[in-house]
Amino acid sequence: MLQPGSFPQCEPRLFLKLALEKMNAEKLGIVCIAEADGKLAGIFTDGDIRRMLLKDQKPFPALFTDDVIVHAVKKPTTVHPDDSLMQAIEVMEQKEIWDLPVVDENGALCGLLHLHPAIKALLGMA
């Protein structure tokens with residue numbers, strides 16, 4: 001599991017452009033959006049960018065100044081820290097997703113599972 005600080009994370013009211021810059025800097029196709037108390041508010045992914053561009057007919061500068069939460073998935077699929085790695089990978093396979101936020105019983109963001117490192121860990125290669 002990637003620990004907070006090692007994957008893109010931002011607050012809900014951040015400009016979309018700045019959230020994209022965070023995604024790009026970390027070279028992951030996701031940014032986790034967390035409230036000030038740490039509770040996961042949503043996620044924004046590369047796929048969400050494609051869907052947004054096809055759906056919204058706003059000019060790019062207008063999209064870039066939207067808050068990231070406007071375009072985010074507000075109820076993303078998640079797992080808990082006590083779920084097994086195999087369970088998490090099965091969820092990723094069923095949902096056809098590469099990244100899976102890990103949240104505690106209160107919904108606070110604890111980390112992020114990314115498919116490649118998860119499979120390496122499962123195979124004993126990490």
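Buried means under 20% relative accessible area, exposed over 50%, and partly exposed in between (1.4 Å probe, protein chains only). The model is predicted: local features need pLDDT of at least 70, side-chain atom pairs count only at pLDDT 80 or more, and totals for chains, interfaces and linings use all residues. Residues are numbered from 1 along each chain as its sequence is written, and side-chain values use heavy atoms, with hydrogens and water left out.

**Exercise 1.** Determine which residues of helix H1 are buried and which are exposed on the face turned away from them.

*Solution.* Step 1: H1 spans residues 16–26, with Leu16, Ala19 and Met23 buried; helices (H or I, at least four residues) and strands (E, at least two) are DSSP runs, numbered from the N terminus.
Step 2: Viewed down the axis of H1, the buried residues fall within an arc of 60° (taken from the directions from the helix axis to the C-beta atoms), so they line one face of the helix.
Step 3: An α-helix has 3.6 residues a turn, so residues three or four places apart point the same way.
Step 4: The face turned away from the buried side carries exposed Asn24 and Ala25.

**Exercise 2.** Describe the sheet and the placement of H1 on it.

*Solution.* Step 1: The open sheet has three strands in the order S1-S2-S3, with mixed pairing (at least two DSSP bridges between two strands).
Step 2: S1 and S3 stand at the edges, each with a single partner strand, so one side of each lacks a neighbour in the sheet.
Step 3: S2 and S3 pair in the antiparallel sense over five bridges; Ala34 has Leu40 in S3 as its bridge partner.
Step 4: H1 packs on the sheet, touching S1, S2 and S3 (heavy atoms within 4.5 Å). The direction of H1 makes about 75° with that of S3 (axes are lines fitted to C-alpha atoms, for helices over the stretch in contact; angles run from 0 to 180 degrees between N-to-C directions).
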